[in-house]
Amino acid sequence: MKFIHCADIHLGSAIESLPSNISYKRRTEIRNTFEKLCEFAYSNDVTAIIIAGDLFDSEKVTNFTINNFLHIVSKYPKIDFLYLQGNHDPQILFESNLTNLKFFGGSWTSFNYGNVNIVGAKIIENNSEMLAASLKLKESDKNIVVLHGQIAGYKSTEKSEIISLPFFKEKNIDYLALGHYHSFDEGKIDNRGKYAYSGCLDGRGFDELGDKGFVLIEVEDSLKYEFKSFSSRNFYDFSFDLTEYTNFFTMCDDIVKFLKEKCSYTSLIKLTLKGEYDADFDIDIKELKAILNDAFYFVKIIDNTSMKIEKDYSLDKSIRGEFISEVLSSKLSEDVKKQVIMCGIRALKGENI
Amino acid sequence: MKLLRCYVKAFGGLRDYKVDFNEGLNVFKEDNGFGKSTLTYFIKSMFYGLNNDKKRSINENERAHFKPWNWSGTFGGYLDFEYKGTEFRIERSFGAKEGEDSLLLVNLKTGKTNSNFDDLGSKIFGIDEAGFFSTAYFSEKDIEAKGNYSLTAKFNSIYGNDYDPESVKDAVKKLETTIKTYSMRGGKGKIEDKKSELYEANEQVNNIQSMVKSISSLKNEIDSLQVETKNLKNEMNTLSDKIAFAGKSEVNKEKKRNYIELNNEISLLKNKKCELANTIGGRIPTKQELDAYSNSFVEYNKVKKMSESIKNTQINNNSSNNKKQKTKFNTNIFLLTSICILLLIVGVVLAFTTNFTLGLIISGIGFLSAILVACFSFKLGKTKELLQKNNTETDKPNDYLELCLKYEEQFDLFFDSLGFEKQDYFINFTKLNNLVYDYNNLCERILEIERKLSQLNYVESSEMENNFAYNLEELKFELSEKQKLYIQKTDELSRKKSAYERVEDSNEKLSSYENRVSEIKEELEALKREHEIYSLTYKYLLQADENLKIRYRKPLDDSLNKFYSIITGKNEKAINIDIDLNVTVNESDGTKSIEYYSKGFKNLFEICKRFALVEVLFTDEKPFIILDDPFCNFDDKKLIEAKEVIKKLSSYYQILYFVCHESRA
C-alpha cells in the first residue's frame, strides 16, 4: 500500500519576494505541481495523500483557490485526501461534499486502510503533551501519525505550535508525518518509529532553497519511505566575487558559466555580487541582469560591490581627480559617494550613465 | 628635482646601460629601436613602479611588456636624483608579480635607506603617475596644433586616451539631458510617470480592496435574492394553481347555470307536455293510429265527394246543353288545330324563303300550339270517360253513403275518446294534428335537453361552490405583477452573481496587484536615487570644473606669459586667459584667438602651454622634462626655432631630449 506525505503547499500564496509577474506565474505553477502530485499518485496506485498542514497560505483564502483545490480532488475520487489544518490554513473548514476529502480535527481522528492506521490531530495552544497522552495505537498496526508544528529545537522564523517529541516515544508510531518546516528532514522518534518533514512541495522564495517535494511511503511488511524531489523549479542563492576582473564581458561569461554548472535554466537565482573594482572598471548591473535573465528563468542581483578608492586623488590634477576629490570631501554618505564617482567617471569617459 | 644618473641592469631591451644626466639639456641621439621609450619607462618606473599588472594585453601590462626576454630573476636598476638639495638613489627590481618587487631608497649623503616608500613619485612631484606622464613627457603629437585652445580641455586630456578634451562639456550636457528625463517642467518625467503609475496601481488595489470588503454583503444579497426569487416562484405557482382552480370553478359555475337553465326548461316542457296530453284525455294517439285515421279521413272525403259528384253527373247527363256543349267543344278543337297547321306552313315557307329565323319561330309556335291542343282535348276526353263511367255507376249512390256514415261513426268515437267537441272533422283532425305535432315537438325538445344535460357532465362540488368567490381577473393581475417582479429579481440576481465572480477574480489577483504596488514604490525610490546621483554628479562635475578654472587661471596666465616671453622674447603681457581658460593674444589692434595665427606659431604655443601646465601642476618640485622627438615633422625653419626654444627652456628645466636624426639634435 502506498501513501504520499506532503505539506506546506501554500496554495494561493502571494509570493511577495518575487516581481509581480513572476510571482503570479509561480502561484499557478504551485497549483499545477499539486495537480501533478495527484496525477503521480493516481499513476502509482497511491491510496491516500496526507496533507500535513498549510495547504493554503492564509485565513483569507479566496474561493477561487478553494474551488480549484476541490476541483482537483474531485478528479481523483479513488484517492483519499487526508487534510490536517496548519497555522496558515483557515481555521473554519470550508464545505465540501467530496467523499474522498477527509479532515483531521482537534482531537485524534483516525482513518484505516487495512492494517494501516493514519491518525492526526491539530495542535492547539501547545497541547502536544495532552495529545500524546491520549494517543492509543495498536502495536500490530502500521501507524502513521500526522501533526503540524515545530519540533522543539528546530529553528523557525514564525510562531508555531511546538511538538515535544519525547512525549511521542513508545506510542507504536511507525512514521510521524510532519508539516511546517519547508525542507525535507527526518529523524528518529524511538526504536520503532521515525519522523519526517516532507518540506514544501514547491518553493516560493529564496528562503526555500534546495530540492522540494514529498515523501512516498510504502507499507508492506514494514513501512519504508523515501523523499521524492518534485518541484517545478528550484531556488538558488550564490555569491560571486568580481575583484579580479577588469573586463565586464569576461566577468559576465564567467558568471553564466558558473551558474550553469550549478543549476538549470529553469531556476530562480539570487546572485550577490561582492568584491572591489577599480574606478576604470565599467560594471553595468542592468546589462548583467539582462544577460542572466536571458540565460535563466529569473535572476535577482544584489550589488554588494564597492569601488576601490585607494589613491590620493589630490595628486590627480585632471578634472577627474578634482571631481573625485570634491565628492570624497563632501558630506555625502559613502554609498552615495561611490555612486556619484562612478557616474561622473563614466560621464567623463563618454560611457552610458 | 633633477636626475643625476641611472643604471639599467635589465629593463625591456636595455641591458647594463648607464647614463649620466646634465642639469639642463640632455640630448640622446639614437637610432630607432634603441630603447628611448624603454629608458623613459625605466625612469618612470623607478619613481612610480610598474603598472596595469592585471591587464592581460602585453601592451597594457607594463610588467609583461618590459620584462626582458629570456631573463630569469628580477629586472630593474637604479636611478640617482637630487631632491630638495639632497641626493638620493632609488634601487628598484621587478619580479614576475608585484609581490616580488623590491624598492630601496638610499640617501646618498647619509647612507640611510628606506624600503617602505609607497608611491614615491607622487610624493616627490605631487602628481600621480598618469599626470606626470601626461605633462612631463612630450611627444610629437603633443606639439601638434590643436583646434581647441581651452586649457580646461588640456586638463581633461591629461589622462590621454580615456578622456576626450571635450569630455567635461559632453559629460555635463549628458547629465543635464539625463536629469531632465527624470524630472521636467509641467509634471513630466520618469519620476512623475512612476508616481502616476503608483497612484493608478494604488487606486486599483484600493478598488479591489473595497470590492473585497463588500464581498460578504454581496454574498448576503445574493443569498437573500435567491430566497426571494424562490418565494416568488412558489407564490407564482400558488397563484397559477388558484387561477387554474378558479378557471375550473368558473367553468363549473357556467355548467351549473346551464344545468339549472336546462333543468328549468325541461320542467317547463314536461309540464306543457302533460298539459297537452291532458287536453286530449291524457292519451296521445300513436302515429300509426293517427295515420290510419288520417287515411280514413281522406277516404271519407273521397267517398263523400264521389257520392256528391255522382249525383251531379246524373243530373247533367239528362240535359241537352250537354250535347251542344259537346259539339261546341269539337268545333273549337278543329279551329285551333287548323290555326296551328297554318302557322306551321307559314313558318316553314318563311324560313326557306325570306327570313329563316322568323320562319323558324312561327313554325315553332305553330308546332307547340298543336301539341297543347292535343293534350287539352285528350284530357277533356278522359273526364268525359269518367263522367260516362260515373253515369254507369249511378246504381251505387247508397253504398257511398253508407261508407261515409261508417267513417263518421268512427271519427265520432275517436274524437270523443279524445274529448274533442263535435265539430267539423277537418277542423278536429287539423286540431289533433296540431296537438300531436306540438306534443311530438315537446318530446323531441325534452330529449334534446336531456342529452345536453348528460353531456354537460356537471358535478355538484361544495368546494368549488365555496371558492366561487375567487376573482379570476384579480388573480391574473396579481400573477402578472409577480412575474414582472420575478424577472426583475432574477435579473438582479444574475447581475449580483456576475459582480461576485468579478470580485472573486479580483480578490484572487489582489496579492499580485499589491506586489506590483510594492514594486512600483521600489522603482520610484530607485528613480529618485538615480535622479539624486545624477544631480549630485552634475553639481560636483561643474564644481570641479569651476575649481580648476579658479585655481589655475591666474597661475596659468602668469606661466603662459612667462614662457611666451621666453620663446618670443617679448616682454609685454601678450596672453590672456578668460574665466573658461580660453586663450587669446593681445595685439595692437585688439585681442585675437590663437586660431588666427600660423601653424608655426600654434606649434610654439603648444610648447608654451605644456610648460605652463607643468609649472602650474608640479607644485612641489620642478620635474625633468622628457621630449621624445617632438619636432620630427617640423620643417627646417621651424626646427631651428624649436631647437632655440628648447635651449631657452632648458635653462629652466632639466630636459631629456630624444631624437633619432642628427638634424634634430
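This is a predicted model: local features need pLDDT of at least 70, side-chain atom pairs count only at pLDDT 80 or more; totals for chains, interfaces and linings use all residues.
1. Helix α16 covers residues 472–568 of chain B and helix α17 covers residues 599–617 of chain B; their axes come within 8 Å and cross at roughly 130°. That angle makes α16(B) oblique to α17(B).

2. Who touches whom here? On the α16(B) side, the residues in contact include Tyr552(B), Pro555(B), Leu556(B), Phe563(B) and Ile567(B). Among their counterparts in α17(B) are Phe601(B), Leu604(B), Phe605(B), Cys608(B) and Leu617(B). Sorted by class, the contact of α16(B) with α17(B) has 16 nonpolar, 1 polar and 3 charged residues.

3. Now have a look at the rings: over all chains, the structure holds 53 aromatic pairs. One of them joins Phe34(A) and Phe81(A), with ring centres 6.4 Å apart and planes at 55°, so it counts as tilted. The pair links distant parts of the chain, since Phe34(A) sits in helix α1 (residues 20–43) of chain A and Phe81(A) in strand β3 (residues 80–84) of chain A, 47 residues apart. Phe34(A) is buried, at a relative accessible area of 0%, and Phe81(A) is buried with a value of 0%.

4. Over in chain B, the rings of Phe297(B) and Phe429(B) have centres 4.5 Å apart and planes at 40°, so this pair is tilted. Phe297(B) belongs to helix α10 and Phe429(B) to helix α14, 132 residues apart. Phe297(B) counts as buried at 9% relative accessibility, and Phe429(B) counts as buried at 3%.

5. Ring pairs also link Phe297(B) and Phe429(B) into a cluster whose members include Tyr293(B), Tyr300(B), Tyr407(B), Phe411(B) and Phe426(B).

Definitions and conventions:
Residues are numbered from 1 along each chain as its sequence is written. Chains are lettered from A and ligands numbered from 1 in the order in which they are written. Side-chain values use heavy atoms; hydrogens and water are left out. Axes are lines fitted to C-alpha atoms, for helices over the stretch in contact, and angles run from 0 to 180 degrees between N-to-C directions. Helices (H or I, at least four residues) and strands (E, at least two) are DSSP runs, numbered from the N terminus. Angles under 35 degrees count as roughly parallel, over 145 as roughly antiparallel, 65 to 115 as roughly perpendicular and the rest as oblique. Contact means heavy atoms within 4.5 Å. Ala, Val, Leu, Ile, Met, Phe, Trp, Tyr, Cys and Pro count as nonpolar, Asp, Glu, Lys and Arg as charged, and the others, Gly among them, as polar. Rings of Phe, Tyr and Trp (its six-membered ring) pair if their centres lie within 6.5 Å; planes under 30 degrees apart count as stacked, over 60 as edge-to-face and the rest as tilted. Buried means under 20% relative accessible area, exposed over 50%, partly exposed in between (1.4 Å probe, protein chains only).
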